Amino acid sequence: MRAADIIVSIICSAQVLQSISGFVIKSKIGANVGITTTSISPHTSYSLDLTKSNPGNNKKSALSARRDDAEVESLRAKAELLRQEVQSFEKGKDNVAKQEQQARDKVAQEKQETRMRYSAEVPILKGDGSEVMERCDFPPRIKTEGKESNIIAIQANLPLGLILGQSEEMPGITTVDEVGEGSNAELAGVKVGDILRACTACQVSMEMPTWQLMAGGIGRPKTSRMMWSVDGKVFEEVMEALISNSMDPQARPVWLVVERIEDV
């Protein structure tokens, strides 16, 4: 610590201090105090100079200041290290979250690609008689190592010009055995080896308005077209379903959903 300049006026009795003329005393804090008389009177005034300090005390103060500075720098270093550790932790946490999200996105993308490969948009008959295009799933029927299949929706005009068949080794699976050259099926993109998964089929039903029922009538015929799954059906039923498209009063193209196997 630095000693401050302190001026102390001491008023004391002339009888006590009249012989004091200037001497040096030691203060309680270890400082040299110079006392100088200005005059000798019943109330003599003395001036004490405390500007001189103990060299040992200054050395201790300097050491204490350096120690405080070192502690401050140490705390700053620790705070910086802690800040870096927090940043590293947050960065690592963000990287983990990002990797997990990428993994989820990859799985979702693979599922979407698989669904698109094994699905097709086809006309679906609704209860009110309208047709709405909807995407329908067709899980793969055959899985061969080194080969991949995908679902294709095809529209072809009648007559199709193709030959279908079923193998005894794979019952319930209808395949395209032959495609006539220049036929409607060939023009539409049907290929030999395609597996028929679904097709449109027409059904005739009797529409009976209330007034006809009250009059004892039998109603009038109404033809509806719908998508019909070929999977697991006997060959005769498949052929009847395809032929029924000729009853469509609007003469619309036949929808064929085929599974095509290709080399990977």
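1. Phe 235 lies in helix 5 of what is a predicted model, and with a relative accessibility of 25% this residue counts as partly exposed. Setting aside neighbours within four places in sequence, Phe 235 is in contact with Leu 164, Gly 165 and Gln 166. The C-alpha atom of Phe 235 is also separated by 9.3 Å from that of Pro 171, a residue 64 places away along the chain.

2. Turning to the chain as a whole, the secondary structure comprises 5 helices and 13 strands, and 24% of the 264 residues count as buried. Where contacts join residues at least 6 apart in sequence, 59% of them link residues at least 24 apart. The accessible surface of the protein chain amounts to about 18,200 Å², with carbon and sulfur atoms contributing 55% of this area.

3. The largest nonpolar core has 18 residues, and those touching the most other members are Leu 164, Val 190, Leu 196, Leu 242 and Leu 256. At least two residues of this core come from each of strand 8, strand 9, strand 11 (195-207), helix 5 (235-243) and strand 13. As general background, nonpolar side chains in soluble globular proteins tend to be buried together.

4. Leu 242 deserves a separate look. When residues up to four places away in sequence are not counted, Leu 242 touches Leu 160, Leu 164, Leu 196, Cys 199, Val 254 and Leu 256.

5. Which residues line the largest cavity? The lining is made up of Leu 160, Leu 162, Leu 164, Val 176, Leu 196, Leu 242, Leu 256 and Val 258, and the elements that give two or more residues to it are strand 9 (162-166) and strand 13 (254-263). By class, this lining holds 8 nonpolar residues, with no polar and no charged ones. The volume of the largest cavity is about 40 Å³, and the search of the whole structure finds 2 cavities of 30 Å³ or more.

6. The second largest cavity, with a volume of about 30 Å³, is lined by Ile 142, Lys 143, Thr 144, Lys 147, Glu 148, Ser 149 and Ile 261. Strand 8 (residues 147-156) gives the most to this lining, with 3 residues. The classes represented in the lining of the second largest cavity are 2 nonpolar, 2 polar and 3 charged residues.

7. Leu 158 and Pro 159 are joined by a cis peptide bond, with omega at about -5°, and Pro 159 is found in the loop between strand 8 and strand 9. Ala 251, although not a glycine, has a positive phi of about 50°. Ala 251 is placed in the loop between helix 5 and strand 13, and this residue is exposed, with a relative accessible area of 63%.

Note on methods: Residues are numbered from 1 along each chain as its sequence is written. This is a predicted model: local features need pLDDT of at least 70, side-chain atom pairs count only at pLDDT 80 or more; totals for chains, interfaces and linings use all residues. Side-chain values use heavy atoms; hydrogens and water are left out. Helices (H or I, at least four residues) and strands (E, at least two) are DSSP runs, numbered from the N terminus. Buried means under 20% relative accessible area, exposed over 50%, partly exposed in between (1.4 Å probe, protein chains only). Contact means heavy atoms within 4.5 Å. Accessible areas come from the Shrake-Rupley method with a 1.4 Å probe; for residues, only the protein chains shown count as cover. On a 1 Å grid over the protein atoms alone, a cavity is a set of points where a 1.4 Å probe fits but cannot get out, and a pocket is an open set with protein on both sides within 12 Å along at least five of seven lines; lining residues have an atom within 4 Å of a point. Grid points are joined across faces, edges and corners, and a volume is the space filled by probe spheres set on the points. Ala, Val, Leu, Ile, Met, Phe, Trp, Tyr, Cys and Pro count as nonpolar, Asp, Glu, Lys and Arg as charged, and the others, Gly among them, as polar. A nonpolar core is a set of buried Ala, Val, Leu, Ile, Met, Phe, Trp, Tyr and Cys residues joined through side-chain atoms within 4.5 Å.
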